[in-house]
Amino acid sequence: MSLPGGPADKLGNRYELWWTVVQIQNLLLGQWDSIRIEVPGIDKVEFELIRGNVRSYHQVKRSAATGKWTLAELASPDIGILQSIEIQLKTPESQYVFRFKQ
């Protein structure tokens with residue numbers, strides 16, 4: 001179980017950074033046409049990758065305070081991941097990637 005704030009928060013931010021760097025590398029290798037980081041108006045998405053008509057929305061989190069993410073936690077108002085997934089997947093060309101570090 002990770003503790004809130006402090007070192008745990010820094011490790012979570014570092015994991016988010018490295019996942020973003022990996023996807024930028026994939027962009028440079030031609031797997032994606034573009035990347036938009038912290039897109040205004042899109043909540044609970046770290047970045048959006050675009051290739052043709054396909055939009056891939058990515059959210060990165062460190063492990064939950066309890067050690068595991070539950071559907072109830074992901075749907076809670078303060079986390080809101082499931083609500084974001086519902087909004088982003090309204091078009092058939094959309095993907096949503098939820099990555100977490102345990």
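**Questions on the model**

Reader: How does Trp69 count by its relative accessibility?
Author: Trp69 has a relative accessibility of 21%. Buried means under 20% relative accessible area and exposed means over 50%, with partly exposed in between (1.4 Å probe, protein chains only). Trp69 therefore counts as partly exposed.

Reader: In this predicted model, at what pLDDT do side-chain atom pairs count?
Author: Residues are numbered from 1 along each chain as its sequence is written, and side-chain values use heavy atoms, with hydrogens and water left out. The model is predicted: local features need pLDDT of at least 70, totals for chains, interfaces and linings use all residues, and side-chain atom pairs count only at pLDDT 80 or more.

Reader: In what order do the elements of the protein run from the N terminus?
Author: Helices (H or I, at least four residues) and strands (E, at least two) are DSSP runs, numbered from the N terminus. The protein has three helices and four strands. From the N terminus on, the order of the elements is α-β-β-β-α-α-β.

Reader: How many residues apart are the two partners of the pair?
Author: Trp69 belongs to the loop between strand E3 (54–62) and helix H2 (71–75), whereas Phe98 belongs to strand E4 (residues 94–101). The pair links distant parts of the chain, its members being 29 residues apart.

Reader: Over which ring does the charged end of Arg99 sit?
Author: A charge sits over a ring if NZ of Lys or CZ of Arg is within 6 Å of the ring centre and within 35 degrees of the ring normal. The charged end of Arg99 lies 4.2 Å from the centre of the ring in question, which belongs to Trp19.

Reader: Which strands stand at the edges of the sheet?
Author: The sheet is open, with four strands in the order E1-E2-E3-E4 and mixed pairing. One side of each edge strand is left without a neighbour in the sheet, because each has a single partner strand; the two are E1 (34–37) and E4.

Reader: How many bridges join E3 and E4?
Author: Two strands pair if DSSP finds at least two bridges between them. E3 and E4 pair in the parallel sense, and their bridges number eight.

Reader: Which residue in the turn between E2 and E3 has a positive phi?
Author: E2 and E3 form a hairpin with two residues between them. Arg51 has Val54 as its bridge partner in E3. The residue in the turn with a positive phi, of about 60°, is Gly52.

Reader: Is Glu46 buried or exposed?
Author: Glu46 lies in the loop between E1 and E2. Not counting residues up to four places away in sequence, Glu46 touches Glu16, Ile37, Glu38, His58, Gln59 and Val60. With a relative accessible area of 10%, Glu46 is buried.

Reader: How far apart in space are Ile42 and Ser84, C-alpha to C-alpha?
Author: Ile42 is in the loop between E1 and E2 and counts as buried at 18% relative accessibility. Not counting residues up to four places away in sequence, Ile42 touches Tyr57 and Gln88. Ile42 and Ser84 are 42 residues apart in sequence, and their C-alpha distance in space is 8.2 Å.

Terms used. Contact means heavy atoms within 4.5 Å.
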